[in-house]
Amino acid sequence: MVESTRPGDAISARLAGADVVLPCTDPYEPDPAELTAACEAALVLARRARISLEETRLAAHDFAGTSSAVAMVAQLMEVDEPGARRAGQLRELAARGAELAWRGGRAARSVTGAVERVDVDAVVRAFCRDGGTGAVAPRIEGAAVAGRHVLVDRTRLVAALSRLVDNARRAGASSITVRLGHRAGRVTVTVEDDGCGLEASTPADLFTPFVSRWPVRSDGLGLSETSEFARDHGGEFSLAARDAGAGCTATLTLPVVDGTDRGRAMTAAPGSDPEWAVARVLEGVARRARLEESLEALVATMEDHLPDSRCSILLFDPATDSLHHGAGARLPTPYRRAIDGVRIGPAVGSCGTAAYVRDEVVARDIAVDERWEHYRDLALPHRLRSCWSTPILDVDRGVVLGTFAVYHASPWAPDQDATGLVQRLTHVAAVAISTSALHAQLVESEARFRSTFETTGLGLALVTADGTIVEANEALGSMMNRSVVGETLADVLHPDDAAVLGSSMAGLLTAVPQDDERRSLGRPEVRLRPSGAGTELWAAAGVSPVRAGSEHARLFCVELFDLTERRRVAQARRETAVAEAASHAKSELVALVSHELRTPLNAVIGFAQVLQGMTVTAEQQRAGVDHILGAGRHLLRLINDLLDLTGAESGQLHLDLASVAADEIIAESLDIVRSLADERSITLLGPAPGVRRTVLADAQRVRQILLNLLGNAIKFTEPGGTVTVDLAPGRITVTDTGPGIPADDLQHLFVPFRRRSGCASEGSGLGLAVSQRLAGAMHGRLGVDSVPGQGSAFWVELPPGDPAPGADPHGRRDPAGQAPAGRVLYLEDDPASRELVRAALAPWPDVEVVTARCCAEARVRITDAPPDILLLDVELPDGNGWDLLREVSNLGQAVPLVVTAGSRSAPADMAAVEVLGKPLPMEDFLGAVSRILSSGPVSSRRPRRVPGGSA
């Protein structure tokens, strides 16, 4: 609908592509019957035109396909010599058919876009500035032809220019020059290049389709399409060679639209209608047209509405507080250059002031306006007498984006219509500028992402929600030794790690953007499966969603940082650190052990010297012997504790795990320490009678732990205090009423040789450390709860055992009332140790002791008379005691007892052999001998099988 009955408006509507033009004086209340008829007519005409164009296009397409097939047949016939002549004829027919098909489709190509009034100077200059993306960019020369408009399809004009420049590049040009000219009502655009020029065999018709003229072949349609464009718009196109090998000159000539107001009204594009212009500009913004193109359209719309005006748009640079040229080709070039980059302020003409005060500024007469004091000499020589400037404000943020200015050659002020129009155009300009800035930021962001994606050393991949890799960078390909595009995470990662990443991605898939950080993966370590590698690679993985606004993530960016070398270096450092720590700990332990050993040894050696070299009384002799025995026992406990500590930490501690009665072990332990408690007036309380609990543990080690805990509790409890032992399922607790343990001492409580601060009590500082390791070796744990001033509670937790009422926690009991009798073979290379055993067994006259100094001698003794007990050391001059036990297959009924100064743990295949440590614990040794020999000599007992041997 045209809000006018003037012919020019109807023509403008037809140029815009309207099928039916309906003039009306009131566009908002058209006659309903006429409007309905016009709509139906438009539909009929549009449908008919569309059918005609579609059929023409399809016919041309089919014709071209047939011609192509004919050309292929001709090519096949050339192989056969007799068919060469016919092949040539077919090629000529195919070429002619392709040309006819091209011409047949011209009708469909000629009506693809709307015809509009275009400023050739602005379009060409913008193309040369922004369209030169090739290796050789075009440069523009010649006088400006600003204000010279033509009626053309703007898109096809730019496409024609692009084809001409591309042809020059294909010809190998190193210089491309575009010249503008105007003569006899026509605008000329000339493209000159210094390429190879036209081929010598060029046909007379240069514009035959599908024939390429340049060394770099193409589809051969560039010149044909450019020629069609010129003829469709009433112009001409020519191509001429310059000097031989000096390039070509292509000239495009288009008719200029009449410059009078009447001619502009008759031939202008729908831009003369402000609403139509706004719609076109917004359409350009939506399709990401260049900002200059949109702003020039707005300026042209205002100039069309005010025919005697010259308008411009300046863009504001907040970094420098200055204004720069954005649009306004009709402003004089010297004036544009003079104000380009002017800083805003309270008296900087109309535009600088409007941007500064954020309000419109009307300078009715520049000659007398005080805001133009420093700039009127720039404006008046160019017949710029008045200037009305309006700030362009961002739609959302309200910040200044630029200014919209309207100049007149005489004093002038805007009326209401002009004000309303500028307000609309200014708003559209704000949308165009903001959108262009946003697009530029998006392009920059994409470029940064692309640069980072391709050049980073990280392995990066874009992955869909189902785990498919749609894009991967070169770094990831190098890590995997293959291209992984199209594979899934399960193909790239270890299956377990791929499942973890997939689960995390599923969580991010449904999360809102604010939850992304909360649901972050961190950087878990994953295993990669590269091609051709013998081992897996380790990498730190990161996953982040790729979102579009507030939408759910559709893609994920997966980052993989190769940790293989870092892990190797870290492992080497850890091993070095462990070795250094072990060396330091070893040195510290040696120093501590040396100190702990020297103190009792001092007593042993000192009292022995006194007894050896001095005359002492019987009482002094007994006291000296007691001191020597006490120091020796202390040394024995210290060595045993060290062996237990080392065995527990190295995993070589032998344990006989079984279900044992914890209540019986507690009762025995209380009996052992009761005399010590009585000496210090300490009350001992045990579990309530009838409380029976079993634990899965080594009875001897449980007793050892309890004796340590009870000894410490009695030692640190003041006289008159109480020590209580409680028994719960799987837990034994020793509680005292002592002073408690300071918080600073708790962290060092289980460190070997570390005693409580301010404590002068005796002890090596190994008891708690050993007890904690023993509890851990039995799959339990030892801990403490203490309140200074209120006492301490040490507890040990052990796995529950099977209930066994009445079971012996020791595992065996000696029969009472039977005197030992039998034969004992003692294999020991140390004479003093042999004499010690003889002396210990001397009170039992029915026990015969036979000794051997080496394995060979022992074999002879065993063969001559098999013993009841084989007592042997482990380290022997000619072999190892364990090897001897494995070697001797028949020991009769001899029961082995091993005495060793080393580890008290038996090998796995001899776990049943009883091991005694050195110094030989006499009570344990005599008890074992009595128990074994209590049933009489060899002849009265059944054979027994020894582990590792045979009966």
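# A predicted chain, question by question

Visitor: Which residue in strand 25 stands opposite Asp785?
Guide: In this predicted model, strand 24 and strand 25 run antiparallel and are joined by seven bridges. Within that pairing, the residue of strand 25 that stands opposite Asp785 is Ala793.

Visitor: Which residue takes a positive phi in the hairpin of strand 24 and strand 25?
Guide: Strand 24 covers residues 781-787, while strand 25 covers residues 791-797. The hairpin that they form has three residues between the strands, and the residue that takes a positive phi, near 90 degrees, is Gly789.

Visitor: In what order do the five strands of the open sheet lie, and which two stand at the edges?
Guide: The sheet is open and its pairing is mixed, with the five strands in the order 20-22-23-25-24. Each edge strand has a single partner, so one side of each is left without a neighbour in the sheet; these edge strands are strand 20 (683-685) and strand 24 (781-787).

Visitor: How many bridges join strand 22 to strand 23, and which residue of strand 23 does Ala728 stand opposite?
Guide: Strand 22 takes in residues 722-728 and strand 23 takes in residues 731-736, and the two run antiparallel, joined by six bridges. Ala728 has as its opposite number in strand 23 the residue Arg731.

Visitor: What angles do the directions of helix 20 and helix 21 make with strands of the sheet?
Guide: Helix 20 (residues 662-679) packs on the sheet, touching strand 20, strand 22 and strand 23, and its direction makes an angle with that of strand 22 of about 175 degrees. Helix 21 (residues 699-716) also packs on the sheet, touching strand 20, strand 22, strand 23, strand 24 and strand 25, and the angle between its direction and that of strand 23 is about 15 degrees.

Visitor: Is Thr426 buried or exposed?
Guide: Thr426 is found in helix 14 (residues 416-455) and, leaving aside its neighbours within four places in sequence, is in contact with Thr390, Pro391, Ile392 and Phe404. The cut-off for a buried residue is a relative accessible area under 20%. Because its relative accessibility is 8%, Thr426 counts as buried.

Visitor: Which residue's backbone oxygen lies 3.2 Å from a polar atom of the side chain of Arg482?
Guide: Arg482 is placed in the loop between helix 15 (474-480) and helix 16 (489-492). Not counting residues up to four places away in sequence, Arg482 touches several residues, including Gly477, Glu487, Arg529 and Ser531. The backbone oxygen at 3.2 Å from a polar atom of its side chain belongs to Asp491.

Methods. Residues numbered from 1 in each chain as written. Predicted model: local features only at pLDDT ≥ 70, side-chain atom pairs only at ≥ 80, totals over all residues. Heavy atoms only, no water. Pairing = 2+ DSSP bridges. Helix = DSSP H or I, 4+ residues; strand = E, 2+ residues; numbered from the N terminus. Contact = heavy atoms within 4.5 Å. Axes fitted to C-alpha atoms, helices over the stretch in contact; angles between N-to-C directions. Polar contact = N/O pair within 3.5 Å; in protein donor to acceptor, adjacent residues only side chain to side chain. Buried < 20%, exposed > 50% of the residue type's maximum accessible area, 1.4 Å probe, protein only.
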